[in-house]
Amino acid sequence: MHLEDNEEEVGFNLKSSAPSRSHGVQPLGNLYFNPGAINSRNIGLGTLQILSDELVLEILGLLEGTQLGVLATVSKSFYVFTSHEPLWRNLVLDNLKGRFFYNRSWKVTDISTFHPSFDVSRSARSSGLRVRDFYSDYLFQSWLCANLEMKPEWLERDNIIRKRGISVDDFLTNFEEPNKPVLLEGCMDNWDALGKWDRDYLVNLCGDAQFAVGPVKMRLDDYFSYADQVKEERPLYLFDPKFAEKIPTLGSEYDVPVYFREDLFSVLGNRRPDYRWIIIGPAGSGSSFHIDPNSTSAWNAVIRGSKKWILFPPDVVPPGVHPSPDGAEVACPVSIIEWFMNFYDATKDWKKRPIECICKAGEVIFVPNGWWHLVINLEESVAITQNYVSRRNLLNVLDFLKKPNASKLVSGTTDRINLYENFKNAIEASFPGTIDGLRLKAKQKKMSFWDSVTDSKVGAFKFSF
C-alpha cells in the first residue's frame, strides 16, 4: 500500500474528525517509493528490529505505564511503539475496572488517573510529534481502520426480505421453519422505548447503575462521554444482559414482538442462560463474525441509530474467519473495518453470497440459528436483542447442549455442565411428549421419497440411495 497525504488516492475517505497520521507513521510500501530512505523503525529498535511489530507490542504489553514512559525516551522508534493506544487501553481497563473517566485518549486517561500532578497538556502536545521515515504496515493499518469512513459500496447491497404486518403463521412457515433471515417493519411501533430512549432519558433513568462494557462495568454517562471522544479501531461496546434487573423500567418499555414469544428456555426460570441484552455503541462499534450461543435463534430491534448487517448461512464460513474443528472456538483476527477492507469485495462473486441490509430505528431483524453474522453501527445506536428457543429449533438446541464442548459455549449460566439435563427434564415435565414427537417428525421429514415407498409385491424390499 502506498499513500500520499491524501488517502482518497486509494479510494478511502477519512472521517472529518480524523487526526493526522499517528506520529507520521507510513505504510511499508511508501519506503520503496522513497529512494535512499532508511526505516527509522529499525534504527530505533536496534537488535530488536528483527521482531515483528506485533511481537514488539506483545512484549510491551507486559510493562506498566511508568515503564512505557521511560522506554519512550530511549529512541524515536520506541516512542512510537509505546504510544500505541491499545497498550494504554489495556492498562486502564485492567487496573481501573471501569472506574475511570475517559480523557481524550487512553494514554492521557492513564496518566491523568495515576499521575494527577503531571501536566497532561504536555502529553497532549507531545502526541503530535512526528517521526520521519517511520514505516510500519501494522501501526498504520491500526490508525487507518480507526479513522476510515465506511465506503458507499459497502452499504449499497440490501438483499434481505422485508416484511410488514405478516401473520405469525406466515413468519413460522416462510422464515423460522426454513431458517431464513427476514427484516420486520412495524412490529415495535407500540414500544415506549422507541419514543423515549434518547441519551438524556437513559442517563437520568439509569443514574449510578453499572453496565457491562467489554471487560469492565461503567455508568451510562461515563460511557457516553467515552463514546463522544474515542477514535479507535475496536470501540468498547455496551452489551449488558442484566439491564432489566438493574433498571426494571427498561424491561417494561419494550415488548417481545409477537413472532418470538414462544421461548422454551423460560421453563428454567432464573436458571436459564443469559438471553436478552441492551446494546449501545458509537459509530464503528459492533460485533465481528460469530454464531449465537447454544444454537439459539435471535431477534435484534434498533431503537436509535442504524446498523449494517452481513449474514452467511450455517454451511458457509465467512472469509477471514477460522472456527476450530469442533466449533468450540472462533478466531476472527481482523477488526470489523479491516474485514471490509480485505474480504468484503470477494464475497460479491461467491455462489452463496451473504445476506445484507441496513437495519434502522423501528426495524427488527430475525437471525436464524447457526447463521454467521457481523454487525457494525453506522451511527450511535441503541438496540435490544434476545435469543430464544422455539419448538421449531428445540432439537437443535438440545443436540448442541449435549455435545462434550457445550460447556465452553454456553453463555451466562452457573450450571453449565448440567444445562442439557436440566433443560431436557424441564421440557418433558412442562410439555410431555414434545421432544419425542419432534424427533419422530424430523425422522419422517428426512426420509426420501424412495425410502418411504415399499412395493407390496416384493415384501420388505425398498429402493434406497
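The protein contains 20 helices and 15 strands, where helices (H or I, at least four residues) and strands (E, at least two) are DSSP runs numbered from the N terminus. This is a predicted model, in which local features need pLDDT of at least 70, side-chain atom pairs count only at pLDDT 80 or more, and totals for chains, interfaces and linings use all residues. Residues are numbered from 1 along each chain as its sequence is written, and side-chain values use heavy atoms, with hydrogens and water left out.

Let me begin with the overall figures. Of the 465 residues, 48% are buried; buried means under 20% relative accessible area, exposed over 50%, and partly exposed in between, with a 1.4 Å probe and protein chains only. Among contacts with a separation of 6 or more, 77% are between residues 24 or more positions apart, a contact being heavy atoms within 4.5 Å.

I turn now to helix 11, residues 199–206, and helix 12, residues 220–229. Their axes come within 9 Å and cross at roughly 145°. These axes are lines fitted to C-alpha atoms, for helices over the stretch in contact, and the angles run from 0 to 180 degrees between N-to-C directions. On the helix 11 side, Arg 199, Leu 202, Val 203 and Cys 206 take part, meeting Leu 220, Asp 221, Phe 224 and Asp 228 of helix 12. The residues of this contact comprise 5 nonpolar, no polar and 3 charged. Here Ala, Val, Leu, Ile, Met, Phe, Trp, Tyr, Cys and Pro count as nonpolar, Asp, Glu, Lys and Arg as charged, and the others, Gly among them, as polar.

Strand 3, residues 210–213, runs antiparallel to strand 4 and is joined to it by 4 bridges; two strands pair if DSSP finds at least two bridges between them. Val 213 stands opposite Val 216 in strand 4. The hairpin has 2 residues between the strands, and Gly 214 takes a positive phi near 55°.

Finally, which residues lie in the loop between strand 7 and strand 8? Asn 294 is one of them, with strand 7 spanning 286–290 and strand 8 spanning 297–304, and Ser 295 is another. Most residues other than glycine have a negative phi. Asn 294, however, has a positive phi of about 65°, and Ser 295 has one of about 60°. Asn 294 is buried, at a relative accessible area of 3%; Ser 295 is also buried, at 15%.
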